[in-house]
Amino acid sequence: VQLVESGGDLVQTGGSLRLSCAASGNTFSINNMGWHRQAPGKKRELVATITTSGGSTSYADFVKGRFTISRDNAKNTMYLQMNSLKPEDTAVYYCNAGGYYLGSHYSAWGQGTQVTVSS
């Protein structure tokens, strides 16, 4: 599975962005997908996850009520709608997909997209 993120940009505090993650390859094997982020000098942290069907989602406390994760299986694309952005949301955002292929678990990552929120 290959993942490509897009949508990162420079935005002012209180603004909105929508990130996209396009999956290709053995997308039928994907079970769960998620967004992570890594700010300079900090560890990568989980932002939100979504199941294959899109019926179950989870969010880190620091984005609850502001971010919404979704996916369009027909387009093999996952999204992260980010509203009410804060300077502390500044980070590189990574897309992740996990599943099983030929009996083995895998975890795939995209190259990341930069989100910068100015104060």
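Visitor: Is Arg37 buried or exposed, and what do those words mean?

Guide: Buried means under 20% relative accessible area, exposed over 50%, and partly exposed in between, using a 1.4 Å probe and protein chains only. Arg37 has a relative accessible area of 6%, so Arg37 is buried. Bear in mind that this is a predicted model, where local features need pLDDT of at least 70, side-chain atom pairs count only at pLDDT 80 or more, and totals for chains, interfaces and linings use all residues. Residues are numbered from 1 along each chain as its sequence is written, and side-chain values use heavy atoms, with hydrogens and water left out.

Visitor: Which residues form a salt bridge with Arg37?

Guide: Side chains of opposite charge can pair when their charged atoms come close. A salt bridge here is a side-chain nitrogen of Lys or Arg within 4 Å of a carboxyl oxygen of Asp or Glu. Glu45 is one partner, with the closest N and O atoms 2.8 Å apart. Asp89 is another, at 2.9 Å from N to O. Arg37 lies in strand S4 (residues 30-38) and Asp89 in the loop between strand S8 (77-82) and strand S9 (91-101), so this pair ties together parts 52 residues apart in sequence. Strands are DSSP runs of E, at least two residues, numbered from the N terminus.

Visitor: How exposed is Glu45?

Guide: Glu45 has 31% relative accessibility, so Glu45 counts as partly exposed.

Visitor: Which residues are linked in the network of salt bridges?

Guide: Arg37, Glu45, Arg66 and Asp89 are linked in it. The structure holds four salt bridges, including one between Asp61 and Lys64 at 3.2 Å.

Methods
Helix = DSSP H or I, 4+ residues; strand = E, 2+ residues; numbered from the N terminus.
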